[in-house]
Amino acid sequence: MTHNLSLACPNCSCGFTTNSLDCPQCGFEATWRKEIPSFLIPTDTDPRSWLDQRELEQLAERVENGSIRDATRITLANHDYQTEEMQEIFDINQDSWRILTSQNISGRCLDLSAGYGRRSMALAEIVDEVYAVDVNLSKLRVLSAREDHDSCQNVIPIHAELDQLPFPPGNFDTIVADFTCSNGRNLRERVSRLRRYLSDDGSLILILDGWTRRLGIPRLVGLERQPPNYGDFSPATPSGYRSVLRSAGFETMAIYVLFPTAHSVEYVFEVGNEHGVRALRQQIKSSLTDGDRRRNALQTAMWFGEQTGALDYCYPSYCVVGCPKESSQSDSNSVGFKNPFLISGRTRSVVFDFGSNGINRVSKIPNRTEHISMTERENHVLSELRTKNKPIVDTLPSGQSARSKFGTVRHETPIDGQPLKNQIGGDIESFRQTLQTGYDWLAEFQQTFRGETVMRSPKEINSDLSFSPLDLYSPEITNSVQLFRTPVHGDYLAGNVYVRDKTVTNVIDWEYGALSGWPIIDAGLFPLNLAKYVFGGVEDGFRALFCTDTEYAKVTEEIIRNYCDSVGLTYRAFLQYLPSVYLHRMKIDWRHNTMNTHSKKLKKRISRVELLRTVPIDSTDSK
Ligand SMILES: [Zn+2]
């Protein structure tokens, strides 16, 4: 271990000066287990764990002997809790509150209930070092062995519990404690205990469940009361948490909503921010076609809020920021933001900052250091494209890049219009119009920016349509195909196209963009995305549009053929290059190690590439 550890005897606070964990003063003895300072006897029970002890140990051994990617793939294959476990290990969006609280995160940091270390690694990207404390030794072994973050080396695993923390008083500038999934008993006592280890101008950040999560509903609506000696279980509400902090010696600086829950964070905003509530309603409305789980959680919580007239009290999870009472910190509302509403994204979070007249500014902030290059990609592609003096440039978002604690960020001015996806109705006419609008913009874009025409040989096509790291290989190709090179958007979805009066005003979110790609990357994704809304899924949509003889298929073919004619592609080339739609995004995700490569999404995309290869081509004329 290269670190000069800042450890002290949990009993008498006498500092440990060497690598020895025996206290010279009181005789307390701790030990190194698997090269981790251990102040606890390892136990087999961890109520927070999705895996049992045997599985945890297997996982730890595999990470110690290989990569965390392979270890999780093998250990979690077909596991009942695969999704939850992958989220716990990899889903950096759970930590996106960092972006709104970054002013309170610095120096030496303690991360309590660190588990596999995902949050610790995220914190270590913006502080000097993180002491990652957990009661589960196997999880700490995973933390200690994982090498998938540059910040790993600044994270120090410590096997200990809150009651016996091995640190000197005032040791930390920032303490983050995850108290979710624990009962609310003794919260006051636990928070007071933490105060001791925090410097006087430090910050405490707590991740907590709300009462809707703990199902304390009857108490809040007055149907029952608590026994007088129930303990210090205080209501899991913002005002309850404020009072817990106050009595433990802290001033509450801010309380953020983590929505829908702390373990699946889609939105973050401050309690009482009315812009946040309005934005949340808007999101619920426009995300109706997304996964049901999310929609139900959103709607249920909003319903509770409306029923009780106390929405602020009803969110399932909170992030509470406190400072010691004697601290000189002034109002610590997120630096640079007035009324922020954060939306989690795949590689970066988007923050809408509200002023009195609506959204003042849109900021895109990388979710982790490794994703900075995605924001830089967007900045680079857009600034290159915007140098051209052509009308279509007005539909490209204007923005500037800036430096921040989180690396390069992008600030954009708010855009005008409504997402094109809102125009998709249940009838074929609205489908035709939406499809046409999408292709009209794309044809003009590609005609404006296109590069050279190229003839791709069978060998080149094979390479274009394969991706060896994922064992995706094109079937044997015998024909050549004429294509042209063009900048691509890479994520050309109806939700990223904004329109007003049937005219495209903006095409947003270029983080999958590239200055040179194949035209079908965007031209193929767009109809598949529309089909998802009309037919309930991309797979069914693909079959309906490209493998049947329905009205929808006829409309689609007609519009695509017109598009192909206008840009100089054959319809056959379009069909043959359909798999490039998902290959493009997978290649970028793989290069940047995004969450998509650690979730079921990867499997889904692989199967989509294979599905798109089944498009009937041979009967198609070569026009
Ligand atoms: Zn001692």
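Start with the contacts: of those in the chain between residues at least 6 apart in sequence, 68% join residues at least 24 apart. Keep in mind that this is a predicted model. The chain has 21 helices and 22 strands, and buried residues account for 46% of its 623 residues.

**The nonpolar cores**

- In soluble globular proteins, nonpolar side chains tend to be buried together.
- The largest nonpolar core here has 102 residues, and the members touching the most other members are Tyr256, Leu258, Val268 and Tyr318.
- Strand 8, which covers residues 250-261, gives the most to this core, with eight residues.
- What does Tyr318 touch, not counting residues up to four places away in sequence? Its partners are Leu208, Gly210, Pro238, Tyr241, Ile255, Tyr256, Val257 and Leu258.
- Another core lies apart from the largest one; it has 52 residues, and Trp441, Leu465, Tyr563 and Met586 are among them.

**Helix pairs**

- If you're wondering how to talk about two packed helices, they are described by the angle between their axes and the distance between the axes.
- Helix 1 (residues 53-65) packs with helix 2 (residues 68-76) at an angle of about 150°, and their axes are 8 Å apart.
- Angles over 145 degrees count as roughly antiparallel, so helix 1 and helix 2 are roughly antiparallel to each other.
- The crossing of helix 1 past helix 2 is right-handed.
- On the helix 1 side you'll find Glu55, Gln58, Leu59, Arg62 and Val63, which meet Ile68, Ala71, Ile74 and Thr75 in helix 2.
- Sorted by class, that contact of helix 1 with helix 2 comes to five nonpolar, two polar and two charged residues.
- Helix 7 (residues 187-195) and helix 10 (residues 238-247) pack at about 45°, again with axes 8 Å apart.
- That angle makes helix 7 oblique to helix 10, and the crossing of these two helices is right-handed.
- Leu187, Arg188 and Val191 of helix 7 make the contact with Val244, Leu245 and Ser247 of helix 10.
- By class, the contact of helix 7 with helix 10 holds four nonpolar residues, one polar and one charged.
- Helix 16 (residues 520-535) and helix 20 have axes 8 Å apart and pack at an angle of about 110°.
- Angles of 65 to 115 degrees count as roughly perpendicular, so that is the label for helix 16 against helix 20.
- Here Ile520, Ile521, Gly524, Leu525 and Leu528 of helix 16 make the contact with Ser580, Val581 and His584 of helix 20.
- The contact of helix 16 with helix 20 has no charged residues, with five nonpolar and three polar ones.

- His592 is found in helix 20, which runs over residues 580-592.
- Is His592 buried or exposed? His592 counts as buried because it has 20 C-beta neighbours inside 10 Å.
- His592 and Thr347 are 245 residues apart in sequence, yet their C-alpha atoms are 8.8 Å apart in space.
- Leaving aside neighbours within four places in sequence, His592 is in contact with Thr347, Glu370, His371, Ser373 and Met374.
- Arg585 also lies in helix 20, and with 20 C-beta neighbours inside 10 Å, Arg585 counts as buried.
- Not counting residues up to four places away in sequence, Arg585 touches Gly490, Asp491 and Tyr512.
- Arg585 and Tyr512 are 73 residues apart in sequence and 6.7 Å apart in space, C-alpha to C-alpha.

**Two aspartates with positive phi**

- Most residues other than glycine have a negative phi.
- Asp471 has a positive phi, near 55°, and sits in the loop between helix 15 (458-464) and strand 18 (481-484).
- Asp471 is exposed, because it has 8 other C-beta atoms within 10 Å.
- Asp509 isn't a glycine either, but its phi is positive at about 60°.
- Look for Asp509 in the loop between strand 21 (503-507) and strand 22 (514-517).
- Asp509 counts as buried, with 20 C-beta neighbours inside 10 Å.

Technical notes:
Residues are numbered from 1 along each chain as its sequence is written. This is a predicted model: local features need pLDDT of at least 70, side-chain atom pairs count only at pLDDT 80 or more; totals for chains, interfaces and linings use all residues. A nonpolar core is a set of buried Ala, Val, Leu, Ile, Met, Phe, Trp, Tyr and Cys residues joined through C-beta atoms within 7 Å. A residue is buried if 20 or more other C-beta atoms lie within 10 Å of its own, exposed if 12 or fewer, and partly exposed in between; C-beta atoms are placed from the backbone. Helices (H or I, at least four residues) and strands (E, at least two) are DSSP runs, numbered from the N terminus. Two residues are in contact if their C-beta atoms, placed from the backbone, lie within 7 Å. Axes are lines fitted to C-alpha atoms, for helices over the stretch in contact, and angles run from 0 to 180 degrees between N-to-C directions. Angles under 35 degrees count as roughly parallel, over 145 as roughly antiparallel, 65 to 115 as roughly perpendicular and the rest as oblique. A crossing is left-handed if the near helix is turned anticlockwise from the far one by less than a right angle, and right-handed if clockwise. Ala, Val, Leu, Ile, Met, Phe, Trp, Tyr, Cys and Pro count as nonpolar, Asp, Glu, Lys and Arg as charged, and the others, Gly among them, as polar.
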